[in-house]
Amino acid sequence: MSLAAASTTSTGEAVQFWILAVVATGGALATVLMRRAVHSALSLAGTMIVLAVFYLANGAYFLGVVQIVVYTGAIMMLFLFVVMLVGVTAADSLKETIRGQRWLASLCGLGFGILLVAGIANASLRHFDGLAQANAGGNVEGLAALIFTRYVFAFEITGALLITAAVGAMVLTHRERIAKAATQRELSEERTRSGAFVAPLPAPGTYARHNANDIPALLPDGTPAELSVSGVLRARGQIRDVSQEALADIAALEQRSAEWLERDRDEGPKGVSR
């Protein structure tokens, strides 16, 4: 009687399973069918969250927390941020670099589906132990016992496949350097030969009345230095011109200097008038 009660699924569990199963299946299909890599990563993250809920509902609390913290919270978010920063477009993701890879992938998917259907068809559930008996010594201890005793070879083979995939990804993304990298001295020499401005750029507002970023620096003759302001501000027309005011100040200063020199010549040495 207790065995029959333990193997009976309640209404709440059935509703939870069918709702979350549809969400997980939809996320898995969207991961494969989405054209944008960012959308595929988000769909895969949603599927992993649903799997974590399944683990928690079945009493595998350790797996549920690991699924959320490690896979969804760390690995998938890292993938998502990298894809968003790199900016992979649909044209890049659909570009076929290996001839016939789509047909090969289709055959592999078909073979995996046949094996999966055959395995489910031949499976038989003769007795149900229940979560209490499966987690009698603790969820973590029971999981470790299964991984390192009964499924140790499958676990090691999976680890080898993951390592092979990581090495293959690094090999495919690695590019050999064709030419020798230029040194700092070679770069500076090339910049000097090209006739570019090699000296440090003047700061905005130098020799002007203000030191704001939108005010150009002034040269010794009072004209504005174009290199002292940002090209973005120049394109937007947000540069304030103070050159005319500066030129007027310079002219007034020259006039006062001339008057002082004339007065000094008239007074003579030691202030004696001629």
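Trainee: What should I know before reading numbers off it?
Mentor: This is a predicted model: local features need pLDDT of at least 70, side-chain atom pairs count only at pLDDT 80 or more, and totals for chains, interfaces and linings use all residues. Residues are numbered from 1 along each chain as its sequence is written, and side-chain values use heavy atoms, with hydrogens and water left out.

Trainee: What span should helix α3 have?
Mentor: α3 covers residues 37–57, 21 residues, so at 1.5 Å a residue it should span 30 Å. The expected span is 1.5 Å times one less than the number of residues. The end C-alpha atoms are 31 Å apart, which agrees. Helices are DSSP runs (H or I, at least four residues), numbered from the N terminus.

Trainee: Which residues in α3 are buried?
Mentor: Among them are S40, A41, M48 and F54. Buried means under 20% relative accessible area, exposed over 50%, partly exposed in between (1.4 Å probe, protein chains only).

Trainee: And what happens just after α3?
Mentor: G59 takes a positive phi of about 90 degrees there.

Trainee: Switching to packing. How do α2 and α3 cross?
Mentor: Their axes come within 8 Å and cross at roughly 155 degrees. Axes are lines fitted to C-alpha atoms, for helices over the stretch in contact, with angles from 0 to 180 degrees between N-to-C directions. The two helices are therefore roughly antiparallel (over 145 degrees).

Trainee: Which residues meet?
Mentor: From α2, F17, L20 and A24 are included; from α3, S43, T47 and F54 are. Contact means heavy atoms within 4.5 Å.

Trainee: How many aromatic pairs are there?
Mentor: A search of the whole structure finds three. One of them is F17 with W18, edge-to-face, 5.3 Å centre to centre and 75 degrees between the planes. Rings of Phe, Tyr and Trp (its six-membered ring) pair if their centres lie within 6.5 Å; planes under 30 degrees apart count as stacked, over 60 as edge-to-face and the rest as tilted.

Trainee: What about F17 and F54?
Mentor: That pair is tilted, at 6.0 Å and 45 degrees. F17 lies in α2 and F54 in α3, so the pair ties together parts 37 residues apart in sequence.

Trainee: Is F54 buried or exposed?
Mentor: Buried, at 17% relative accessibility. F17 is partly exposed at 41%, and W18 is exposed at 59%.

Notes. Parallel < 35°, antiparallel > 145°, perpendicular 65-115°, else oblique.
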